[in-house]
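Please look at the model below before reading on. Some questions and answers come after it.

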Amino acid sequence: MNAAIARLCRLAQQPSRRIVGLMSGTSLDGLDVALCRLTGHGAATQLVLEQFATVPYNDDVRRRIRQVFAREQVSLEYLTLLNPWLGRLHADMVLGCLHAWQVAPADVDLVASHGQTVYHAPAHQHQHPDFEGLNATLQLGDGDHVAQGTGIITVSDFRQKHLAAGGEGAPLATYGDYLLLSSPDEERLLLNLGGIANFTYLPRAGADASTAFSTDTGPGNTLLDATIRAHRPGLHYDEDGRLALAGQVHEGLLGALLDHPFFAAALPKTTGPELFGPAYLAAAQTHTGTTALGLEALLATLVELSAVGVARAVQQVFGSAEAPLPAVYTSGGGAHNPALLGALRRHLPGAAFASTDALGVPADAKEAILFAVLANEAVAGRPVALGAGRQRVPAVTMGKISWPG
């Protein structure tokens with residue numbers, strides 16, 4: 001037997017595995033690196049987060065990624081070169097973290113690498129006549145380069161199996177959320193406020209798993225961050241939501257932004273910065289004559305847009321945003337934005353809010369942890385049946401395996 005396959009078989013039979021989960025989101029702030037000890041698999045999965053760090057991207061890394069990020073036309077050569085370059089960069093960042101944590105690469109069983117999403121193209125969004133009904137997504141940061149650079153077996157490219165089985169490639173949070181964070185005591189909404197906002201609905205543990213699902217709700221931080229960069233070069237985000245809190249919502253602009261059919265589309269659904277980017281905002285401003293709107297008012301309006309997007313999706317599921325709702329646990333960069341959290345509380349008065357920290361999963365580390373969980377399932381578990389298929393949550397094991405050496 002191939003020695004690498006024999007090692008993988010041993011890993012699968014171990015009671016626990018030490019896995020480094022990696023996540024780089026649409027905010028392009030850096031690489032989240034979570035060193036996890038995962039015991040068991042499936043509903044019996046138990047997590048110990050041993051270490052976590054976000055390794056920040058410098059301006060050059062952001063510049064390189066933005067050359068191809070959410071753009072319809074790019075240099076094919078540049079895209080091809082960026083794929084291995086990002087894999088090597090992520091490998092170096094993992095080694096740097098392990099060194100700082102005094103953990104030898106040989107003491108890590110797997111790396112779970114999400115890669116960097118550069119384009120997301122669900123069928124409802126691209127509507128390309130040559131590819132009718134085909135969902136697609138693209139992540140860069142080749143897994144073979146991560147494996148070769150770290151010397152650790154790497155599981156990567158998780159989203160392609162989801163697509164192949166009929167999903168939209170996102171959100172993948174359903175699987176890890178269900179395995180780690182289901183509770184016998186309460187229904188939960190796990191609200192991730194990343195570049196794109198999404199939530200996972202979890203029924204009580206032991207209840208009908210066919211009702212569990214995840215959905216995107218619209219922009220989270222992506223438009224807020226892009227607007228800050230455009231108006232205040234050198235800044236990457238509105239720290240503590242201070243500028244947004246100083247502004248007033250422009251109702252006309254908000255109405256034009258919400259007029260997009262995405263917000264009325266049936267759940268679950270996915271989207272990305274390809275739709276909710278500067279061109280979308282500029283068109284709404286031109287339509288409403290608000291191109292000269294001040295930065296504070298613009299950010300206040302975009303915060304309201306993110307919150308209303310979440311509230312409308314919740315209302316689609318539960319019939320009302322004011323009735324008693326499942327407990328809401330937040331994560332992602334927007335969970336640190338008081339302006340956004342305040343708007344969400346206004347629009348979801350029937351919900352009690354807390355961070356996923358209260359569940360033992362640090363909000364900033366949650367997505368990296370979830371990919372460690374998916375890698376654990378790929379090696380030691382079996383396909384998880386959620387959402388009865390109709391929620392575009394196919395029962396599949398995700399991830400491609402790359403050997404070092």
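Predicted model: local features only at pLDDT ≥ 70, side-chain atom pairs only at ≥ 80, totals over all residues.

Residues are numbered from 1 along each chain as its sequence is written, and side-chain values use heavy atoms, with hydrogens and water left out.

Q: How many salt bridges does the structure hold?
A: Side chains of opposite charge can pair when their charged atoms come close. A salt bridge is counted when a side-chain nitrogen of Lys or Arg is within 4 Å of a carboxyl oxygen of Asp or Glu. The number of salt bridges in the structure is eleven.

Q: Is aspartate 109 buried or exposed?
A: Aspartate 109 forms a salt bridge with arginine 7, with the closest N and O atoms 3.7 Å apart. Buried means under 20% relative accessible area, exposed over 50%, and partly exposed in between (1.4 Å probe, protein chains only). Because its relative accessible area is 9%, aspartate 109 is buried.

Q: What is the relative accessible area of aspartate 59?
A: Arginine 62 forms a salt bridge with aspartate 59, at 3.3 Å between the closest N and O atoms. Arginine 62 is buried, with a relative accessible area of 10%. Aspartate 59 is exposed, and its relative accessible area is 55%.

Q: Which residues are linked in a network of salt bridges with Arg18?
A: The side chains of arginine 37 and glutamate 50 meet in a salt bridge, 3.8 Å from N to O. The network joins Arg18 with Arg37 and Glu50.
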